[in-house]
Amino acid sequence: MHPIFDIIKVLASFLVGAITLSFLSFTQKTVVGYPHLILGYAIPALVGGLVGATLFILYRRTILLTGNTSSALHSFSRVELTYSILSGSVTLCLFSAIQKAMAGYPMKPAGFTVPVLFGGLSGALIGMYLTRNRRLLIAQQEAGTFLQQEKERTDDIITSISDGLLVTDSDGRVELVNPAAEELLDIPAANLIGQTLTAILQQASVEDHSNFLKPGNIGHSAQIKLNTQDGSLRTVHARTAAVHNDQRCSGEIVLLLHDNTEEHRIDRMKSEFLSTATHNLKTPITAITGYSELLMSQDQLSNDEQQEFLAYIHDKAWQLNKLIDNLLDISRVESGREVRLEKSDVKAQTLINEIEAFCDSQQTRCEFHDQFEQTDSLLYIDLSKIVLVMENLISNAIKFSPGGGRISLTGNKTGNSYEIKITDEGIGMSDDECCQVFDRFYRADVSESAPQGFGLGLTLVKQLVEAHGGEVHVHSIPRQGTTVSFQLPIRNGAF
């Protein structure tokens, strides 16, 4: 309400109070027989006016503070009521005594009837309003503290959400951003506040998503590709939702951003794996079925031809068996079970003999050079698993050295372990590829001309070496070659 009207109402309340107490004073003087002097109405008019104005102000303040507060706040105890009545009566009687002394009135008990009644009633009303105001203020302070705590709790929850969250106001401009959204969009919150969602996505994405943010599409989802500082793309699942207030749409919009870059990468690798598996599994199976059909249908095959076909079928069958064993070992580790190792004391020379035999069996243009030292070192390993590790690493070195070249195999004792290195002069890898080379299904080159494989070999190598207590390290330079090194425990070593 306008302040002038409030002032008028306060003055009116003052006038009503002054008139009321002056009228009561006039009645009392008439009954008691006091002369009607002007000085005898000064204090009734002043006190009555002040009481009237005070009651109006307290009443208005109580109405403003009350709102939807609990009814318990309106209660007024007997002690508080008694104290308020006595305070009002005593105060007004004191003023009445001062007035009588100034006007020369005799101090008759009947002359204090109106002060006692009016003072008691006024004191009760003023006390009631003051008590309510005090309780309402305390309740508002408690409510404010509670709301502040709830706001801080809500802010903590929003900050803790791992998905990006942006909320707009009714005009469509962003007013709330959580840290996850800042990180995903790679834009500071200060630069996001006040912008529209369309403008933000145009700035952060490589595609046009204006259609996704149209009012008719609110509630839908979309895949969005976001730029990153390193130039790569981040895939984000975006979904919008309308904010409703009392079952009505307020015009505000919530945008949720979930980073599923890793899920997309895994899905892509799985698709590539299935495509590669179709080829890698079909090739030996086709050979096995083809040569077995020849053996069954041809009666005139010589013994040498039969032996050649059987050897080919045998090799392909063991190739399939090896692949299945690799998959089973990886599946065992991924399901939380440890790789089963049958460790025993094995001389390094025994492992070297197995490695050399495998290298001799390979048909490749690569040249093998080995230099193993301290071959009498006693290793505590599962020989079959470490042979599998070496076969995978050597096979990789051969596959990624399409032009041939030198493959060096070295080994030497370092402290309480025996370190083995395999170095090739192949196509090499970048630093990013080295970081992902042990991931399941990962293949650095997925082109048609790339070496065939499932992207599981190095995953298995890492798991088997770590099961022995060692570590695998890869160092590579594009177009220059790759070195893979790992450690094996020595009997009574620190592993």
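Biologist: How many residues does the largest nonpolar core have, and which have the most contacts inside it?

Modeller: The largest nonpolar core has 39 residues, and I422 and F486 have the most contacts inside it. Helix 10 (348-361), strand 7 (366-372), strand 8 (378-381), helix 11 (383-399), strand 9 (405-414), strand 10 (417-423), helix 13 (457-467) and strand 12 (481-489) each put in at least two residues. Helix 11 gives the largest share, nine residues.

Biologist: Before we go on, what are we looking at, and how are those terms set?

Modeller: It's a predicted model, in which local features need pLDDT of at least 70 and side-chain atom pairs count only at pLDDT 80 or more, while totals for chains, interfaces and linings use all residues. Residues are numbered from 1 along each chain as its sequence is written, and side-chain values use heavy atoms, with hydrogens and water left out. A nonpolar core here means a set of buried Ala, Val, Leu, Ile, Met, Phe, Trp, Tyr and Cys residues joined through side-chain atoms within 4.5 Å. Buried is under 20% relative accessible area, exposed is over 50%, and partly exposed is in between (1.4 Å probe, protein chains only). Helices (H or I, at least four residues) and strands (E, at least two) are DSSP runs numbered from the N terminus.

Biologist: Which residues does F486 touch, leaving out those up to four places away in sequence?

Modeller: Read contact as heavy atoms within 4.5 Å. With that sequence limit, F486 touches V389, M390, L393, Y418, E419, I420, I422, V465, E471 and V472. Apart from the core we began with lies another, of 23 residues, including L166, A181, A222 and V236.

Biologist: And the protein overall?

Modeller: There are 13 helices and 12 strands, and 38% of the 495 residues count as buried. Of the contacts between residues at least 6 apart in sequence, 62% join residues at least 24 apart.

Biologist: Now the sheet. In what order do its five strands come?

Modeller: As a general idea, strands of a sheet pair through backbone hydrogen bonds, either parallel or antiparallel. The rule used for pairing is at least two DSSP bridges between two strands. Here five strands make an open sheet with mixed pairing, in the order 7-9-10-12-11. Strand 7 and strand 11 (472-477) are the edges, each pairing on one side only. From one strand to the next, the twist averages 15 degrees.

Biologist: Which way do the paired strands run, parallel or antiparallel?

Modeller: Strand 7 and strand 9 run parallel, joined by seven bridges; one of them links F372 to G411 in strand 9. Strand 9 and strand 10 run antiparallel, also with seven bridges, and N412 has E419 in strand 10 as its bridge partner. Strand 11 and strand 12 are antiparallel with six bridges. There V472 is bridged to F486 and V474 to V484.

Biologist: Which residues have a positive phi although they are not glycine?

Modeller: In general, most residues other than glycine have a negative phi. Q374, in the loop between strand 7 and strand 8, has a positive phi of about 45 degrees and is partly exposed, with a relative accessible area of 36%. R479 sits in the loop between strand 11 and strand 12, with a positive phi of about 65 degrees, and is exposed at 73% relative accessible area. That hairpin has three residues between its strands. The hairpin of strand 9 and strand 10 has two, and G415 in its turn has a positive phi of about 70 degrees.

Conventions
Axes are lines fitted to C-alpha atoms, for helices over the stretch in contact, and angles run from 0 to 180 degrees between N-to-C directions.
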